[in-house]
Amino acid sequence: MTQIGEVALWVALAISIWGMGSAFVGGYTRRGDLVLSAERTIIAVFGLLVSCGAIIASFLRNEYVYQYVAGYSNRELSLFYKTTGLWAGQTGSLVFWALLLALFSAITVVQNRTRNREFMPYVTGTLLTVIAFFLVVIVFASNPFKLLPFAPADGRGLNPQLQNYWMTIHPPTLYLGFTAFTIPFSFAIAALMTGRLDTRWITTTRRWTLLAWFFLTCGIIFGMMWAYVELGWGGYWFWDPVENASLLPWLTGTAFLHSVMIQEKRGMLKAWNLFLIIGTFLLSIFATFLTRSGLIESVHSFAQNLTIAWIFLGFLSAGTLVSAGLLWWRRDRLQPESQIESWISREAAFLGNNLLFVGAMFAVLWGTIFPLISEGFLGQKITVGPPFFNRVNIPIGLMLLALLGIGPIIAWRKASSRNLVRNFTVPVLVCLVIGLSMWVGGVRHPQALLTFALGAFVMATITIEFYKGARARAGIEGEGYAKALVSLVDRNRRRYGGYIVHVGLVLTFMGFAGQAYDAEETVVLQPGESMEISSPFGHTYRLTYQDMSWYTAKNMTKLISSLRVEKDGRPAGLLTAEQRAYKQREEMSSEVGIKHAWNEDLYLILAGVDPLTAIRYQIIVMFMLLSAATVAATTTSSLAQRAVFDPGAHRLRDHPTPT
Amino acid sequence: MKKQRKFLVGGGTVAALVGYLMFTGMKDSMVYYHTPTELIAKTTQDPTYSDVGVKVGGRVVPGSVHFDQRSLDLRFTIVDIENAQTQFPVHYNGPLPDTFQEGRDVVIEGKMAATGTFEASTVLTKCGSRYEAGAEAYES
C-alpha cells in the first residue's frame with residue numbers, strides 16, 4: 001500500500017515540470033491560460049502530502065523492507081520518534097523539504113491571485129523549478145521507497161543521540177526557515193525578469209522574509225539546545241560543518257533584513273539586495289545538502305553517493321549563473337537613486353553591518369569547505385578548527401555589536417554634530433561607566449570586557465528609544481506610560497520588534513562572552529562524599545553524591561546517579577546524570593543533568609562508573625543567557641506573526657501599482 | 001561608478017579586514033589530517049613532524065580498548081582502515097566519548113610522542129549514523 005507514495009512522487013514531478021514550463025512560456029507570451037494552468041499545478045503539493053503520509057505509515061507499520069525505515073527505526077522505537085522518522089535522515093528530509101516548499105508556494109499563489117499579476121508567472125515558475133529539482137533528487141538519487149533485497153525482521157533503530165525532543169523539532173524548524181526564503185527569492189527573480197525593480201518585490205514579500213528569518217533563528221537555537229543537553233561536552237556551538245551550514249543563510253538573510261530598509265528609504269543598494277536574497281536562497285540549498293549528506297567528512301567517503309552531489313552542484317551552479325546573468329542584463333535599471341553622503345550616517349552604518357555579515361559568511365564558508373578544497377586541490381586534507389572561526393568571528397561580532405547600538409540612533413544622510421551629541425552622550429557614558437566598573441571589579445578578559453561594555457551601550461540606546469517613544473505617546477494621547485509602551489510597540493512593530501530582537505542578541509553575546517568565566521572541574525566521588533564549586537556570579541554549589549540506580553526501560557538500560565545540591569548553603573534539590581545503554585545499537589549515551597538559574601547553569605556529566613561505585617563527574621558552571629535570547633526571539637515572533645496573518649494589515653500596506 | 005565609491009571603499013576595507021583575520025586564523029589553527037600510514041611515514045622522516053598537532057582517522061582495533069573508570073585513562077590501538085599493517089597505540093584522558101566502541105572509525109587529534117604512543121587531546125567518533133544511517137551496512 002505504501003508504494004503509493006512513490007507513485008505520488010512521480011506524478012508530482014510530472015505536474016511540476018509541466019507547471020514550470022507553462023509558467024515561463026505563459027509569462028513570456030502573456031498567455032493567461034498557461035499562467036493559470038501553471039498556478040493550478042501547485043496541487044502537486046497533494047502528491048507530496050501523500051508521499052509524506054506513506055513514509056510515516058511505513059514507519060508506523062514497521063515495514064523494514066524499505067531501506068529508509070530500516071535505517072532509522074526499529075520495533076522498540078516509541079511512536080513519537082517513528083512519526084518524526086520522516087525527517088530523521090537525508091532521504092525523508094528532502095521529501096519533507098519539498099512538501100514545505102510546495103505548501104508555501106500554494107499559499108503564495110492563493111495570496112496573489114489578484115495581486116502582483118505581472119510577477120506571478122515567474123514567481124510560480126521559479127517555485128516550481130525548485131520543487132521539481134527536489135523531486136528529481138528524491139526520485140533519482142535518494143528514493144525513500146527504495147527496497148532492500150530482503151525484508152529484515154527489525155530495523156537498525158534510531159541513533160540514541162537523535163532521540164531527544166530538541167532534535168525532533170530542530171530539523172523541521174530549520175527547514176521552515178530555508179524554504180520560506182525561497183518565496184522572496186522567487187519574487188526577486190520575477191522582478192529581474194519583468195524589469196520591475198522598484199521596492200515592490202521587497203515589500204510584498206516582507207512577511208515571508210521575517211517568517212523565514214524567525215524560523216531559521218529558532219532552528220539554529222534549537223540545534224544549540226540539542227547540542228547542549230545531548231552531546232555532553234558542556235557547550236552549544238562547536239563550529240561543526242553542519243552547524244556552520246545553517247549559519248550561512250542566516251548571516252546573509254540577516255544582512256538582507258537590514259539592507260532592504262535602505263532601499264525602501266533611500267533607493268540605494270538595489271543590486272546588493274538582489275544579490276543577498278539570491279545568496280541566501282543558494283546557501284539554504286547548500287546547507288540542506290551539506291547537513292544531510294556527510295559530504296564534508298571526506299570527498300572519498302562520499303564517493304558512494306556521488307549522483308546526489310552532482311545534481312546539487314549542478315543546480316547550485318545553474319542557479320548562480322542564471323541569477324548573475326539576470327543581474328547583468330538588468331544592470332541599467334539597478335542604478336541607485338541616491339548615494340551615501342557621509343560615513344557618519346545611518347546608511348553607512350547599515351552598509352557596514354551588511355558588509356560585516358557577508359564577510360563573516362565568506363569566512364565561515366571558507367573554513368567549512370576548506371578540508372574539501374585542500375583535499376581536492378592539494379591532495380592533502382587540512383582542517384581548521386574552532387580557533388579559526390573564533391579568531392575571525394569574534395572581532396566581526398564585536399563590530400556588529402557596536403553597530404547595533406549606532407545604527408538605530410544615528411541620523412540619515414549626514415549626522416550633524418548636534419545629532420551625535422544629543423543621541424550618543426548618555427549611551428557612551430553608560431558604556432564607559434559599565435566598562436570601567438567591570439574592570440575595577442576584576443573582569444580582565446579583553447573580549448568579554450568589550451562585549452559587556454558594548455552590550456551596555458546598546459541596551460542604553462534601546463532603553464532611550466523606548467523611553468522617548470513612550471513619553472511622546474503619553475504626551476500626545478494622554479495615556480499612562482505602561483499603556484503607551486504597549487501601544488507604541490503595537491503601532492510600530494517593525495521598529496520596536498527589531499529592538500526587542502536586538503536585546504535578545506545582546507544577551508546572547510553576553511552569554512557567549514561569559515564562557516570565558518566558566519568554572520569546570522572533574523571529580524571522583526564515593527557515596528556520601530561531596531565537593532564544592534563556585535560560580536562566576538559568586539555562588540557556591542555543594543554537591544553530595546547520594547546513590548546510583550539501574551532502571552530498565554523498553555529499549556534501553558539506564559544508570560542513574562543522583563546528587564544533592566546546595567546553593568550557598570541552602571538545599572536546591574536533586575540533580576541526576578545518566579548513562580544509557582541502548583539495546584539495539586549497543587551504544588552508550590550520557591544524559592547530562594542541568595540546573596538552570598536565570599544567569600547560570602550547573603551542568604553535570606556522569607563520566608564513568610567503576611566497580612567500587614565511585615563515580616566521576618565533570619561539573620561545569622556556565623554563564624548562560626541563551627534562554628533569555630530565546631524569550632526575546634519568541635516575543636518578536638508573536639509580534640511578527642500578527643503582521644503575517646492579519647489580513648487587515650495586509651491590505652493597508654499593499655502598494656498601488658505604479659505605472 | 002563614481003556614485004558607488006563609498007560602497008566600494010567600505011567593501012574593500014571589510015574584505016581586507018576579513019582577509020587578514022582569515023589569513024592569521026588559518027596559520028594558527030590549520031591541522032593536517034592523515035591516515036595512520038601517512039603519519040608513520042611522515043614521523044619516520046621527521047620525528048618532530050607531529051609536534052604542532054595532527055588529526056588521524058582510523059579504526060579502533062577490537063580487543064585493544066582499556067578504559068580506567070577511576071583515572072579516565074583510555075588506551076587503545078588504532079589501525080589504518082585500508083592497511084591493516086599500520087597500527088599504533090593511543091592514549092587519551094577524559095570521559096569516554098558516547099559512541100566510542102571497538103571496531104568504530106575514529107578521528108583522533110594530538111601528537112605522536114617519542115615513545116611511539118599517540119597522545120590524543122580529542123577523540124571523536126565518526127558517527128556517520130548521525131546523518132546517514134549507514135545504508136551500506138545493508139547494501140554490502
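Before I start, one term: a residue counts as buried when its relative accessible area is under 20%. Please also keep in mind that what we are looking at is a predicted model.

With that cut-off, let me take chain B, where 44% of the 140 residues count as buried. This chain has 3 helices and 7 strands, and, going from the N terminus, its elements follow the order α-β-α-β-β-β-β-β-β-α. If we take the contacts in chain B between residues at least 6 apart in sequence, 45% of them join residues at least 24 apart.

Now to chain A, and to a pair of helices there. Helix 17 of chain A, residues 386–406, packs against helix 19 of chain A, residues 446–477, with the axes 8 Å apart and at an angle of about 20°, which means that helix 17 of chain A is roughly parallel to helix 19 of chain A. The crossing of these two helices of chain A is left-handed. On the side of helix 17 of chain A, the contacting residues include A:I394, A:L398 and A:L401, while helix 19 of chain A contributes, among others, A:L450, A:L454 and A:F457. Sorted by class, this contact between helix 17 and helix 19 of chain A comprises 10 nonpolar and 5 polar residues, with no charged residues.

Let me finish with one residue of helix 19 of chain A, namely A:R473. Is A:R473 buried or exposed? Its relative accessible area is 14%, so A:R473 is buried. The side chain of A:R473 makes a polar contact, at 3.1 Å, with the side chain of A:S487, and, leaving aside residues up to four places away in sequence, A:R473 touches several residues, including A:E479, A:L488 and A:R491.

Conventions
Residues numbered from 1 in each chain as written. Chains lettered and ligands numbered in written order. Predicted model: local features only at pLDDT ≥ 70, side-chain atom pairs only at ≥ 80, totals over all residues. Heavy atoms only, no water. Axes fitted to C-alpha atoms, helices over the stretch in contact; angles between N-to-C directions. Helix = DSSP H or I, 4+ residues; strand = E, 2+ residues; numbered from the N terminus. Parallel < 35°, antiparallel > 145°, perpendicular 65-115°, else oblique. Left-handed = near helix turned anticlockwise from the far one by under 90°. Contact = heavy atoms within 4.5 Å. Nonpolar A, V, L, I, M, F, W, Y, C, P; charged D, E, K, R; others polar. Buried < 20%, exposed > 50% of the residue type's maximum accessible area, 1.4 Å probe, protein only. Polar contact = N/O pair within 3.5 Å; in protein donor to acceptor, adjacent residues only side chain to side chain.
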